[in-house]
Amino acid sequence: MTAETELDPVIHAPARLRVVVTLATLRDGDNLSFTRLQELLGLTPGNLITHLRKLEDAGYVTTVKSGSGVASRTSVSLSPQGRKALDNYTAVLRQLLDSASADGTSPQ
Amino acid sequence: MLEDQDMSVQEAAAVVRDARVRAREELVISTPLVYMAWGLVWLIGYGAMWLSVRGQHPYTGPSGVSIAAVFVLAGFAIAAVLVIASKAAAGIGGQSVRQRRIIGSTWAIGYLILLITAPAVSSSVSARTLALISFAGPVVLAGLTYILAAALGRDRPALAAGAWLVIVGTSCAWLAPAAILATCALAGGGALLLMAVIETRLRAHDS
């Protein structure tokens with residue numbers, strides 16, 4: 001297994017990073033409603049849908065719609081692949097920060 | 001927030017940190033507050049009952065005022081825990097919702113059994129046995145509920161708290177009624193307050 005050295009571009013965007021970190025706070029087997037996620041992140045519905053679609057395409061999140069009409073609920077959860085991607089991302093981030101502080105440089 | 005906005009590594013680290021802190025504040029039940037609420041109820045409630053029986057010869061039981069105070073305090077604690085839990089759980093679905101229902105109903109059914117059992121057996125058992133059921137019973141029940149919560153949620157601090165409360169409640173079998181109340185107040189309520197401090201530190205460390 002090779003160590004990752006680059007930040008995952010799917011996650012490396014402020015809004016998507018916040019989505020993934022927020023969903024990672026939930027326990028395995030839990031999901032969060034779209035409206036609560038939107039409220040927590042302060043994103044517009046359209047913006048959140050766009051970011052969720054990118055994360056879903058990468059296999060990092062799963063969205064499930066249940067019910068119909070006013071009782072409909074869209075729930076979002078982080079997939080095991082998404083949790084692993086976030087772990088890798090934070091590990092690479094830590095590595096970059098450590099090497100930058102060792103070199104006295106500012107990583108971009 | 002802009003789509004695919006470029007971020008430096010430092011900015012990304014700050015986003016991760018801030019999002020994690022906010023998500024934990026909003027989505028995770030504040031266990032330190034829950035421990036503190038019940039710790040205070042036990043320390044003050046059992047303490048008040050102990051003060052009312054201290055020096056009784058023969059033992060006749062806690063005063064009506066101290067018993068009423070316990071029920072009022074417990075009512076406040078239940079309301080506080082429900083508010084804390086429902087605020088954090090809003091919008092969350094899945095396994096932990098089912099687990100919370102199991103834990104909550106186990107505690108409620110157990111407590112109901114104690115509330116029914118104690119008056120039902122009061123005329124046929126000794127004052128010491130009645131004190132054991134009425135005062136140490138809720139402590140053992142809370143301990144078993146914490147152990148159940150720990151088993152379902154893989155929560156080691158809750159396991160430690162639960163095991164300690166079971167030990168405290170069981171050890172009351174060898175004590176006189178007044179000593180049972182003092183033990184439940186100090187070793188039970190005190191332990192829950194200590195757990196509030198430990199959980200606060202663990203959460204600060206995790207952040």
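Reply: Let us begin with the charged side chains: Arg36(A), Glu39(A), Arg22(B) and Glu26(B) are linked in a network of salt bridges. Please keep in mind throughout that this is a predicted model.

Me: Why is the pair Glu26(B) and Arg36(A) called a salt bridge?

Reply: The term asks for a side-chain nitrogen of Lys or Arg within 4 Å of a carboxyl oxygen of Asp or Glu. The N to O distance between the side chains of Glu26(B) and Arg36(A) is 3.4 Å, and because this value lies within 4 Å, the pair counts as a salt bridge.

Me: Why does the pair Arg22(B) and Glu26(B) count as a salt bridge, and how are the two residues placed in their helix?

Reply: The closest N and O atoms of Arg22(B) and Glu26(B) are 3.4 Å apart, and because that is within 4 Å, the term applies here. Both residues belong to helix α1 of chain B, and because they are 4 residues apart, about one helical turn separates them.

Me: Why is Arg22(B) called partly exposed?

Reply: The class "buried" needs a value under 20% and the class "exposed" a value over 50%. Arg22(B) has a relative accessible area of 37%, and because this value falls in between, Arg22(B) is partly exposed.

Me: How do you know that Arg83(A) and Asp28(A) form a salt bridge, and where do the two residues sit?

Reply: Their side chains meet at 3.2 Å, N to O, and because the limit is 4 Å, the pair qualifies. The pair links distant parts of the chain, since Arg83(A) is in helix α4 (residues 80-103) of chain A and Asp28(A) is in the loop between α1 (14-24) and β1 of chain A, 55 residues apart. A search of the whole structure finds 4 salt bridges over all chains.

Me: What makes β1 of chain A and β1(B) a pair of strands?

Reply: Pairing requires at least two bridges between the strands. Strand β1 of chain A (residues 30-33) and β1(B) have 3 bridges in the antiparallel sense, so the two strands pair. Among the partners, Leu32(A) is bridged to Ile92(B), and Asn31(A) stands opposite Gly93(B).

Me: Why can β1(A) also be said to pair with β3(A)?

Reply: These antiparallel strands are joined by 2 bridges, and because at least two are needed, β1(A) and β3(A), residues 73-78, form a pair. In β3(A), Ser75(A) is the bridge partner of Ser33(A). Both faces of β1(A) are covered, with Asp30(A) and Leu32(A) buried on one side and Asn31(A) and Ser33(A) buried on the other.

Me: How many residues does each chain bring to the contact between chain B and chain A, and what area is buried there?

Reply: In the model, 31 residues of chain B are in contact with 36 residues of chain A. The area buried between the chains is about 2800 Å², and carbon and sulfur atoms give 60% of that area.

Me: Why is Leu48(A) called buried, and what does Leu48(A) touch?

Reply: Leu48(A) is found in helix α3 (residues 45-57) of chain A. Its relative accessibility is 0%, and because this is under 20%, Leu48(A) counts as buried. Not counting residues up to four places away in sequence, Leu48(A) touches Val19(A), Phe34(A), Leu37(A), Gln38(A), Leu41(A) and Leu43(A).

Methods. Residues are numbered from 1 along each chain as its sequence is written. Chains are lettered from A and ligands numbered from 1 in the order in which they are written. This is a predicted model: local features need pLDDT of at least 70, side-chain atom pairs count only at pLDDT 80 or more; totals for chains, interfaces and linings use all residues. Side-chain values use heavy atoms; hydrogens and water are left out. Contact means heavy atoms within 4.5 Å. Buried area is the accessible area (1.4 Å probe) that two parts lose on being put together, summed over both. Buried means under 20% relative accessible area, exposed over 50%, partly exposed in between (1.4 Å probe, protein chains only).
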